[in-house]
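Hello,

Here is the structure I promised to pass on to you.

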Amino acid sequence: MQLQFFVQLLVSGIATGAIYALMAVGFALLWQTSGTINFAQGEFIMVSSFIILWLMGLLHIGLVPAFFLAMFISMFIFGFLFKRILVDPLLKYGDVPLIIATIGLGMIIRELTRIFWGANALPFPSLVKNKILIFGGLRVGTADLVTIAVAIVIIAALQLFLNKTFVGRSMEATAQNQDVARILGINVDRMILYTFLINAFLVTSAALLVTPKLLAKFSSGETFGLIAFMAAIIGGFNQVRGALIGGFLIGIIDNLAKFYLARVHLPFTDITLNLSPYALAIPLLLLIGVILFKPEGIFGRKEERSI
Amino acid sequence: MSSKLNSTIQGQQLVKTETLKSFDYLTWGLAIALIIGLILAPLWLKNYGLILLCTWAFRTVAVQGLNLTMGYAGQVSLAQAAFMGVGAYTSTLLILKAGVNYWLALIIALLISLLIGFLIGFPALRIKEGHYLAFVTLGFANLIWLVLRNEQWLTNGPLGIRDIPRPSIFGYSLFEPIRFYYFSLIMLALVTLVVWFILRSPWGRAFKALRDNPARSESLGLSQTTYTLLAFAIGSAFAGVAGVMQAGLVEFIDPDSFVLWRGLLLVMMLVVGGSGSLIGPFIGAAIVTLLPEWLRFTGEYYLVIFGLGVIIVMRYFPKGLAGLLPFVKKRFFTREVQS
Amino acid sequence: MVAGYGATTILNSTTIEVHEAALTTVIGPNGAGKSTLFKAIFGMLPIREGKILLEGQDITHLKPLALLEKGMAYVPQGRNIFPQLSVEHNLEFGGISLKNLQETRVRMEKVYEQFPILKARAKKQAGTLSGGEQKMLEIGRAMLLEPKLLLIDEPSIGLSPILVQQTFDLLLALRDRGVSILMIEQNAKKALGISDYGIVLQQGRLAMAGTAQGILNHPEIGHLFLGGVVKV
Ligand SMILES: Nc1ncnc2c1ncn2[C@@H]1O[C@H](COP(=O)(O)OP(=O)(O)OP(=O)(O)O)[C@@H](O)[C@H]1O
Ligand SMILES: [Mg+2]
């Protein structure tokens with residue numbers, strides 16, 4: 001029974017983690033290829049879900065077509081325009097001005113969302129109706145399974161693209177060493193644009209999967225951004241794989257911690273504490289620990305560059 | 001006749017320029033007029049205006065602290081609002097729950113913020129490359145918020161703490177808005193003097209040297225890590241003081257007053273005003289405090305406008321509005337001297 | 001040519017000439033601007049004044065891709081592989097300017113013939129190769145293009161004496177096949193010993209140019225650079 005419960009928590013943790021991985025991978029990609037530390041990542045995710053809702057209402061279309069439309073809008077605004085208008089002109093001043101500009105952008109998006117759609121949380125449709133399936137005593141929700149499946153398909157497709165196609169490998173090369181990529185004749189600027197487009201796509205996908213559970217709310221970008229950040233740093237931001245594993249790790253920790261911290265029995269006493277509000281503290285402490293002991297991330301590698 | 005002589009090499013030519021004395025007169029005149037204006041402000045401002053100025057004052061103190069970290073040491077701290085929370089809650093709880101004297105509570109709040117600054121700055125600043133301080137302070141800001149919300153027995157949770165007292169000195173209460181205003185003004189003046197002093201001390205010069213040429217200063221035996229850590233810790237202590245000022249002014253604190261995005265807002269105030277400049281924080285805090293008042297018609301759009309302003313400033317004047325000053329000086333108050 | 005980083009000027013009115021089908025070595029003290037010279041030639045730095053000609057054609061402001069298409073290749077100083085990609089995929093990038101994957105594959109086989117060790121390690125992550133193998137990979141990647149002019153910056157750094165010898169032999173073989181090579185070397189005596197021509201760079205300026213033998217025998221140069229710096 002104990003173990004069974006643990007497995008159930010693990011499954012929903014993996015589902016959450018899969019979404020977090022989507023949030024973090026694009027974040028890490030931008031960071032690697034262009035040095036953009038995108039503090040507006042969470043707001044990109046948050047507003048994408050509002051765009052999907054808006055399109056559904058406006059065009060009277062279903063969730064899936066609205067998602068694909070929103071994806072193109074997102075790729076144009078948060079991919080193409082974001083890079084051309086904000087990142088390209090600022091990158092030459094170093095990374096701090098760009099960090100601050102993305103903070104400003106995040107605030108603009110959050111405030112506009114609050115103004116246009118209000119401060120209340122809006123319900124968001126899920127891809128499938130949640131039914132509880134029972135596998136030999138294991139209770140697993142279909143929503144979780146679909147989330148895991150969709151996220152894994154997206155992540156696998158991304159990995160295949162990055163590893164098995166020449167363009168994908170050129171993007172990886174750009175991320176690993178931009179100067180050498182340039183010397184070899186790789187169109188570095190185009191590769192960077194592709195990462196921005198991919199990030200926009202991942203952001204919309206994350207919005208599609210995360211919002212049914214958490215509702216659409218203008219202020220949730222802060223949490224999403226924090227998660228992307230933590231996942232990328234804990235896992236190792238200089239690798240896609242690092243951010244991926246970081247995302248899953250945080251999702252699993254999150255689910256386990258919420259449950260197991262709810263009844264913490266202090267040894268040698270009768271006192272039981274409910275520490276579940278501190279579930280978020282665990283990845284935060286992990287983050288600080290990683291920075292202390294392994295700043296390149298648990299699965300990252302030390303940077304070595306020369307030219 | 002000339003106040004300063006500068007030599008610069010333009011092309012192959014040595015050009016001597018001098019700053020006109022009128023520039024010094026003008027800046028000093030403006031500064032003195034501003035100070036007198038602030039002192040006399042209660043003559044024509046009602047309570048509301050004074051409260052705005054008090055808000056401006058504590059924000060400036062917090063941003064001035066951030067200026068040490070970001071402007072001079074070149075590191076990003078996202079937890080400045082969290083440190084304000086540390087200061088506000090420490091002093092308030094000491095006063096209300098332990099009956100500690102206001103001024104003692106203020107000093108303890110300052111010291112605790114300083115100590116925490118050292119504790120979290122140390123691991124983050126060991127690594128010079130990258131923005132680890134930003135990441136650690138991001139984590140810290142969230143942790144503080146969690147604690148403030150969840151330790152209800154101590155902090156009263158999300159409901160916050162009401163009826164926070166204002167100080168009195170030698171039995172003379174500073175409760176009245178006008179008195180609290182002068183209290184805020186004096187605190188602001190003190191903090192500004194401290195920063196001014198730091199920047200002019202050998203220590204401050206080392207800072208600037210580090211900022212302008214880390215490699216060279218390092219070889220002169222200055223430890224970048226130590227200086228950055230000191231800057232960050234002192235800057236955090238200023239935030240603690242600002243938090244105490246805010247608690248007294250608003251007479252109410254709650255966790256949401258010190259969440260992450262408030263810290264981000266302080267960062268934006270600094271860069272818009274001009275980081276690395278003594279007057280930058282004054283300008284940045286004034287803009288955020290006065291913008292919603294001036295732009296009444298913009299209503300809820302004021303943060304959107306401010307966000308746009310941040311991006312435009314980053315794009316066109318990366319040195320902030322205060323960065324325009326040297327430009328004005330060079331353009332209008334400098335002439336070439338024949339040598 | 002005048003070039004530099006940002007506002008600082010590193011190269012000041014430097015003029016050099018590279019002879020066809022010959023090995024030319026650039027020497028000079030650390031920080032003289034040797035690597036900067038290569039970066040400027042290869043379109044990685046803006047050139048403020050001056051001109052670069054390749055067989056009479058002006059190639060001054062061309063981007064790396066255009067230069068590769070014109071038959072130039074550049075192996076920079078230090079490690080220049082993509083450690084997380086396989087050896088094979090690293091090598092493949094040598095053929096970008098061919099714009100023909102088929103042709104690239106054919107040429108990769110030729111490179112493998114030259115460097116059997118790379119073939120043996122083809123599927124491995126390039127970061128797992130030894131320092132010498134990584135340098136082989138870089139040189140192989142540049143040779144894949146069968147360039148007319150090869151710029152190579154301190155190929156011997158960090159290599160064992162045997163590998164240094166092998167690398168130099170390889171460069172000589174390339175020269176004998178008609179490739180013009182411009183090489184930077186710290187190990188001035190040894191490098192000039194096998195070179196046809198030499199160039200001495202000092203503080204971003206051309207200090208001397210001539211036959212390698214002439215420079216080796218020049219009393220002042222010998223005193224300046226060749227005295228104590230011979231390290232093996
Ligand atoms: N990216 C850069 N930005 C600014 N200055 C640079 C940069 N790279 C090199 N420099 C400076 O340019 C000068 C020349 O450097 P360069 O690398 O060309 O020297 P080098 O002759 O190749 O020396 P070495 O023998 O050490 O390789 C040095 O003073 C160096 O500090
Ligand atoms: Mg060099």
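**The ligand in chain C**

A backbone N or O atom of C:A32 lies 3.1 Å from an oxygen atom of ligand 1. That is a polar contact, meaning a pair of N or O atoms within 3.5 Å; within protein, one must be able to donate a hydrogen and the other to accept it, and residues adjacent in sequence count only if both atoms are side-chain atoms. Before going on, please note that this is a predicted model, in which local features need pLDDT of at least 70, side-chain atom pairs count only at pLDDT 80 or more, and totals for chains, interfaces and linings use all residues. Residues are numbered from 1 along each chain as its sequence is written, chains are lettered from A and ligands numbered from 1 in the order in which they are written, and side-chain values use heavy atoms, with hydrogens and water left out.

Ligand 1 also has an oxygen atom 2.9 Å from a polar backbone atom of C:G31, and another such distance, 2.7 Å, separates an oxygen atom of ligand 1 from a polar side-chain atom of C:Q186. On its own, ligand 1 has 630 Å² of accessible area, and the protein covers 61% of that (Shrake-Rupley method, 1.4 Å probe; for residues, only the protein chains shown count as cover).

Around ligand 1 there are 13 residues, of which C:G31, C:K34, C:S35, C:T36 and C:Q186 come nearest; a residue counts as near if one of its heavy atoms lies within 4 Å. Helix 1 of chain C (residues 34-41) gives the largest share of this shell, 3 residues. Helices here are DSSP runs (H or I, at least four residues), numbered from the N terminus. By class the shell has 4 nonpolar, 7 polar and 2 charged residues, where Ala, Val, Leu, Ile, Met, Phe, Trp, Tyr, Cys and Pro count as nonpolar, Asp, Glu, Lys and Arg as charged, and the others, Gly among them, as polar.

**Where chain A meets chain C**

Here 21 residues of chain A and 22 residues of chain C take part in the contact (heavy atoms within 4.5 Å). About 2,000 Å² is buried between the two chains, with carbon and sulfur atoms giving 66%; buried area is the accessible area (1.4 Å probe) that two parts lose on being put together, summed over both. A:R169, A:I183 and A:L184 supply 32% of what chain A buries against chain C, more than any other three residues.

The interface has 1 salt bridge, a side-chain nitrogen of Lys or Arg within 4 Å of a carboxyl oxygen of Asp or Glu. A:R169 forms a salt bridge with C:E92, and their closest N and O atoms are 2.9 Å apart.

**Where chain B meets chain A**

Which chains have the most contacts among the 2 pairs that touch? Chains A and B do, with 37 residues of chain B in contact with 42 residues of chain A. About 3,600 Å² is buried between them, and carbon and sulfur atoms give 80% of that. The count of salt bridges between chain B and chain A is 0, but 4 residue pairs are in polar contact across the interface (both at pLDDT 80 or more). Helix 5 (132-150), helix 11 (260-273) and helix 13 (302-316) of chain B each give two or more residues to the side that touches chain A, and helix 5 gives the most, 10 residues.

Chain B and chain C, by contrast, are joined by no contact, and their closest C-alpha atoms lie 11 Å apart.

Happy exploring!
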